[in-house]
Amino acid sequence: MRIQISNPKTHKTKHISNKYMKFSLSCSKFIRCFSPSDALTPNRSLDGEGGDEDFRVFAYNELKAASQSFHPSNKIGEGGFGSVYKGRLRDGTFVAIKVLAVELESMRGEREFISELAALSNIKHENLVKLRGCCVYGAERFLVYDHMENNSLSHTFLGRVQTRVKFSWAQRRDVSLGVARGLTYLHEEVKPRIIHRDIKASNILLDQHFTPKVADFGLAKLFGDDDSYVSTRVAGTLANTLAVLVDPVLNGNFPAEEAVRFLKVGLLCVQETAKKRPAMSEVLKMLTDETDSSNFEILQPGPIPDLMDVKIRSRRHS
């Protein structure tokens, strides 16, 4: 199947071939997102069409109204592939609306749109952001998510000292464990398995209870069951660094043994030799002290550009 997109200004067209659609994705969701008749008509659920009843094709006019014409005051985030706006739907529900502009020559924006649909349309987990729906309008693509009241880990936690001091050790531990559970689900439980490739503080969202949600799957890749080691380029920005686990603003108010364990696990995950890095399920067990991390030899960390090999447990051996 080939999907044609057109630029309303130049009338040029390009096609997206099957190679971008080899995902565990409901075809009805994908095709309905690209239906021209959806641009201005009321939104509707895809229940009964092989999809999730919570996933909707939104009308452009509804998203425009919800965000007050994408007013700058409603902008809550911006990344390499587009901006994110807070919106309020007609039923009063608050959502986050990601706007992606498609560049016809490079297909930048389109690939990210499809990757997010492929990765999130058929999966649910407490620690993954929920995709509510989509909209296609001309050369623009829109993805609609649950709104996260506490923004991102980068915005809420890695900001000023006055902000960081509000985070107790228990909250930091719970955020770390939540992210680990989300990644374990992506790497080892969902089929096909998903490698995010852009984990950083700005892509970890926090809901009203500070439950972490892994977000921004625009660079994600999906892999089959036979891969136990996946070599994949680190596709995100290299600005994400290893944060100091024991923040001085905690003023010693943390269990030292647990903090040291978290630090050891972090070092195990960035060892220079990829095969020595633990799978995410092993990471989770070490973080929760189900597995003793003290018996593992920690080798020299690898340079950031060399952190390319992602270890995922093969289903054949699980």
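I began with strand S9 (residues 140-146): six of its seven residues are buried, so S9 is largely enclosed by the rest of the structure. I take buried as under 20% relative accessible area, exposed as over 50%, and partly exposed as in between, with a 1.4 Å probe and protein chains only. Strands (E, at least two residues) and helices (H or I, at least four residues) are DSSP runs, numbered from the N terminus.

I noted that this is a predicted model, in which local features need pLDDT of at least 70 and side-chain atom pairs count only at pLDDT 80 or more, while totals for chains, interfaces and linings use all residues. Residues are numbered from 1 along each chain as its sequence is written, and side-chain values use heavy atoms, with hydrogens and water left out.

**Entry: the partners of S9**

I looked up which strands pair with S9; two strands pair if DSSP finds at least two bridges between them. Strand S7 (residues 94-101) runs antiparallel to S9 and is joined to it by seven bridges. Within this pairing, Val 95 has Asp 146 of S9 as its bridge partner. Strand S8 (residues 131-137) is also antiparallel to S9, with six bridges.

**Entry: S6 and S7**

I then followed S7 to strand S6 (residues 82-88), to which it is joined in antiparallel fashion by six bridges. Tyr 85 has Ile 97 in S7 as its bridge partner. These two strands form a hairpin with five residues between them, and Gly 92 in the turn has a positive phi of about 95°.

**Entry: cysteines**

How many disulfides does the structure hold? I found zero disulfides, a disulfide being a pair of cysteine sulfur atoms within 2.5 Å. For Cys 135 the closest cysteine sulfur is in Cys 134, at 7.4 Å, which is too far for a bond. Is Cys 135 buried or exposed? Cys 135 is buried, at 1% relative accessible area. Cys 269, by contrast, is partly exposed, with 30% relative accessibility.

**Entry: Ile 298**

I located Ile 298 in the loop between helix H8 (280-287) and strand S15 (309-311). Ile 298 has a relative accessible area of 35%, so I recorded this residue as partly exposed.
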